Amino acid sequence: MDWQSGRKLQQQEQTSLKVGASLRKAFDEMNGAGDGVRAPYTAVSEWLGTQKLDDLKRKLLEAETMFRRTGITFAVYGKEEAAERLIPFDIIPRIIAAAEWRRLTAGIEQRVRALNAFMYDIYHRQEIIKAGKIPEELVISNSAFVPEMMGVEPPLGIYSHIIGIDIVRTSENDFFVLEDNTRTPSGVSYMLENRETMMHMFPDLFARNRVAPVDDYPENLLKTLASVAPRNMDGEPTIALLTPGQYNSAYFEHSFLADQMGVELVEGHDLIVKDGYLQMKTTQGPRRIDVLYRRIDDDFLDPLVFRPDSILGVPGLFDLYRAGRVSIVNAPGGGIADDKAIYSYIPEIIKFYTGRAPILQNVPTYNCRKPDELKYVLDHLPELVVKEVHGSGGYGMLVGPTASKAEIEAFRQKLTSNASNYIAQPTLALSTCPTLVEAGVAPRHLDLRPFVLFGDEVRLSAGGLTRVALQAGSLVVNSSQGGGTKDTWVLQD
Amino acid sequence: MLGRTANDLYWLARYVERAENMARLTEVGYRIVLLPRDGDGTHEEWRSTLASAGCAQGYFSKFESLNTRDVINYLLFDFSNPSSVKSCLAAARRNGRAQRTSLTRDMWESLNSAWIEFSNIDPASISAGELPRVLDWVRSRSALYRGALLNTILRNDTFFFSQLGTFLERADNTARILDVKYYVLLPQIEMVGGGVDAVQWAAILRSVSAHRSYRWVYKENYKPWRIAEYLILNQAMPRSLRSSYDEISVALNDLANLYGARAACHDTVAATRALLANGNIDDIFQSGLHEFIEDFIIRNNRLGNEVAEAYHFNG
C-alpha cells in the first residue's frame, strides 16, 4: 500500500484528537518517537510498504472467515442472549525484541513469585500486616479476601498458578504493569489462534523473521497442573477443566484448552463429591479427579461455602480442597492479590518478599479512600483514569481526557458518595502500533497480556495477547468495549 | 468419557441424520405433489409426509389445512418444530459446541458452517425452483459431516456413540416411513394396481434413496413385497433396518470391548438383529407387516433408552 498515505492518516488523526498533549506524543512500536523504523519492525515495515490496501483488507476478511468457521467467538454480556461475536483481529503483528522480552520475563517471574508469597502470607501468619506494610483493614475487610482460606495449605504453597499480567508501554524503556490478573485470566486461546491464523495467511512473514513459537503453552499448562496434584496420590493425576458452559463468554477458550491438553471439559453437574473424592460422572460411572482447572469464579465454586444459589459448582468441593483431596487451580481467594485497592502496595509487596526492587514498575495510583489523595483526584478528574476497585473488563471506568463534562460530573458524584470504591491513575500515553483501519493503516493504542504459569517452576511462553483499541485515540482495549487483538511476536536473537 | 458427552454425541449424530431424512422426505413429498393428478388431493400427500416425519401433530396444531408452502416451511425452517431441518442443525451445532473437544476440527467446521449458512437462508426467498437445490445442500452437508467423522475421528467411544446415534435414527426413520406407507405395500393394493401405486412405491424407495439400487439388486420391476423386503431385511441396503442393526450391533460390541462390560442393551440389540437376520418376508406379511413394524419401532425406542441407561447419559 501507499505507506505515505498511512503516515498522513496518522497525522490527521492525531491532530484531530482532543486529548492531552502527552497522548499526542504516544510512543509507536514501529516508528518509535518518529525517528525511523525501530529494529524489530524492519522486515514487517518493508513488507507493509509493498502491500496494497485492498489486498490487506481482503486478508483481514479471510482471517475473520477463518475465525468464524473455527468458532472462535465470545459472548457479550447484556447483548442478545447467546450472541456470538468475533473479537476483531488485526493482521499487523505487535513485535517485541529479544532483549525487551528478557527484561519483561525477569520482571514477570519476580512478580509471580512475590504475589504468591503474599497470598500465602495473607492466608497464614500475615507477617506483612504485622510489619505495618499494608493496613490490616484493607485486607481483612476486602471482599476479595476469602476467610475460609485461612490456614489452607495448597500444594507447593501456590495460589495463582496462571496469571495474566497486563503491561503497557509508554516509551522505549518504560513498561508499566497495569493489572495482575490472579483469578481466572482469559485470552490465551487468542494468543494461540492468532498465531495459527497469521502463519496460515502470511507464511512468508515468518520466513523473514525469527519469531519464537507460542504453541508450547498447552503443554506447559498441563505440566503446571500436574505439578500441583494432591501430594498423597499415586500414578498420573486426572485433570479436568471446569467451565460454566457454552453460554459463557470465554467458552471457546475453555474447550480449546481442554482439547489442546487432552483433558475432560466438565460442568458443575458432571461432578459429584463421592467416597471422599471429587468425581466426574462418566459413561463407566464415577471417576476421580485430582486437579480441577476451574474457569468459574470463587463465588460459584461450592454452594455450601460460597453462593448458595450457585449451580455452576459442586457442593462439598471446598471441604475436599481443604483436606488436600483435590487441587483447585487457581486457588480460591487469589483475588486479594489483584484487587485494585491492593495494587498500589505491590511495589512494597515485591520488596517485602523478594528483598529486591520491582523490575517492572507500577502505575502511580491514588487511593480514593485516603482523603488527601481523593482531593487530588477530584481536582484533576479530566487528566485521570478512574476505576472501580472491583471492576473488570473495562466496565465502570472513567477515562478523563476523552470523557464528556457530564460523564466527569457523574463520576464526581460517585467518588464523593463512595470514595473507597475507587482508585485513580494518571492517563498513560499507551504505545501505539500500526493497525489496519477502514481508511488505511493508522496507529492505535495497545497493551500486552503475557500468560505466566507457576507450579514446580515458572513457565512463560514467548508471547501473549496484544489488545488494541480500534477507535482512534481510544485507550480502552477490552474486548467487551470493542477492542481487538493482534498476533504478538517475540523475536529471537 | 463423561456421560453428558456420550449423550451429546449420540444426539448430535441423530440430529444430523434427522436433518438429512427431513430433506429427503420433503423432496419426495414435493415430487408427488408436483405430479398431475385427477381430482383434488394433491396436497393430501403432505399428510403422509408429515406423518412419516413425525411432524403431523405439530403441524396441525399450527395450521388448519395442508398447504405446500406451509408444510415446506414447517419441515425445513420452523423453529417451533423440533424436527425441522433448522432445529436439527441448530441442535446438532449446540451439541457439537458443548462437545467441541471430542470433535475433530473437520467435524466441527462442517457442523458450524452448515449452521451459519443455513441460518442465513431466508425462507421467503426460496422459490419452488430453488427448493431442490436447498434440499440437495442439506443432504450434502450431512454427508460432509459423516465423511469428516469417518475420516478423522479416533475409533474409540466418541465414534461408537456417534454410530449409535446415526443408525438408531436411521432405523427409526426407515421404520416410520414403512409404518405410514405400509398399506400401499399390502397385497390387495397390488391387485388394484395402476399408476398411483407405482408412484407410491417409487416414493417409498426414493425416501430412502433406494429407487436406483433396487433395480440393481432385484433385476425386476417394483414389487411391493420386494420393496418391503429390501427396506427391512436386506443386508446390503445402507438404510434398511437390517443394515442399521448390523452397525448398531458393531458399535455396541465395540463399546463392550472397550469398557469390558455388557448391559441390557446388548441383549436387546442381539435379539432384534436376530429377528432381522433370520426373518423372511413371507412370514412377516403372513403375521402382519404393520404389526411387525410397530413392534420394531417399540424395540428401537427401548434400545435407545437402554443405551442411555447403560452409559449414564444423564449422569
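Is Tyr311(B) buried or exposed? Tyr311(B) is buried, with a relative accessible area of 4%. The views below are taken from a predicted model.

**View 1. Tyr259(B) and Tyr311(B) form a tilted aromatic pair.** The ring centres lie 5.8 Å apart, with 55° between the planes. Tyr259(B) belongs to helix 13 of chain B and Tyr311(B) to the segment after helix 16 of chain B, so the pair ties together parts 52 residues apart in sequence. Tyr259(B) is buried at 13% relative accessibility. Both tyrosines belong to a cluster linked by ring pairs, along with Tyr10(B), Trp11(B), Tyr15(B), Phe161(B) and Phe313(B).

View 2. Tyr245(B) is buried at 0% relative accessibility. Phe296(B) is buried as well, at 2%.

**View 3. Two arginines of chain B sit over aromatic rings.** The charged end of Arg155(B) is placed over the ring of Phe159(B), 4.2 Å from the ring centre. Arg215(B) lies over the face of Tyr222(B), with 4.5 Å to the centre of the ring.

View 4. Arg102(A) is partly exposed, with a relative accessible area of 48%. Asp493(A) is exposed, at 68%.

**View 5. Arg239(B) and Glu20(B) form a salt bridge between buried residues.** The closest N and O atoms are 3.7 Å apart. Arg239(B) is in the loop between helix 12 and helix 13 (241–259) of chain B, while Glu20(B) is in helix 1 (residues 3–34) of chain B, so the pair ties together parts 219 residues apart in sequence. The relative accessible area is 6% for Arg239(B) and 10% for Glu20(B).

**View 6. Arg299(B) and Asp295(B) form a salt bridge within one helix.** The N to O distance is 3.0 Å. Both residues lie in helix 16 (residues 289–310) of chain B, four residues apart, or about one turn of the helix. An α-helix has 3.6 residues a turn, so residues three or four places apart point the same way. Arg299(B) is buried at 18% relative accessibility. Asp295(B) is partly exposed at 33%.

**View 7. A network of salt bridges in chain A.** The linked residues are Glu29(A), Arg38(A), Arg94(A), Glu100(A), Arg169(A) and Glu172(A). Over all chains, the structure holds 53 salt bridges.

**View 8. Helix 15 of chain A has a buried side and an exposed face.** Within this helix (residues 371–379), Glu373(A), Leu374(A), Val377(A) and Leu378(A) are buried. They cover an arc of only 140° around the axis, which puts them on the same side of helix 15 of chain A. The face turned away carries the exposed residues Asp372(A) and Lys375(A). The buried residues pack against strand 14 (366–367), strand 15 (384–388), helix 16 (405–417) and strand 17 (422–426) of chain A.

**View 9. A cis peptide bond joins Val329(A) to Asn330(A).** Its omega is near -15°. Asn330(A) is in the loop between strand 12 (327–329) and helix 13 (340–343) of chain A. Most residues other than glycine have a negative phi, and most peptide bonds are trans.

**View 10. Asp275(A) and Lys219(B) have positive phi without being glycine.** Phi is about 50° for Asp275(A) and near 50° for Lys219(B). Asp275(A) is in the loop between strand 8 (271–274) and strand 9 (277–282) of chain A. Lys219(B) is in the loop between helix 11 (213–218) and helix 12 (224–232) of chain B. Asp275(A) is exposed at 64% relative accessibility. Lys219(B) is exposed at 65%.

How values were computed:
Residues are numbered from 1 along each chain as its sequence is written. Chains are lettered from A and ligands numbered from 1 in the order in which they are written. This is a predicted model: local features need pLDDT of at least 70, side-chain atom pairs count only at pLDDT 80 or more; totals for chains, interfaces and linings use all residues. Side-chain values use heavy atoms; hydrogens and water are left out. Helices (H or I, at least four residues) and strands (E, at least two) are DSSP runs, numbered from the N terminus. Buried means under 20% relative accessible area, exposed over 50%, partly exposed in between (1.4 Å probe, protein chains only). The arc is that of the directions from the helix axis to the C-beta atoms. Contact means heavy atoms within 4.5 Å. A salt bridge is a side-chain nitrogen of Lys or Arg within 4 Å of a carboxyl oxygen of Asp or Glu. Rings of Phe, Tyr and Trp (its six-membered ring) pair if their centres lie within 6.5 Å; planes under 30 degrees apart count as stacked, over 60 as edge-to-face and the rest as tilted. A charge sits over a ring if NZ of Lys or CZ of Arg is within 6 Å of the ring centre and within 35 degrees of the ring normal.
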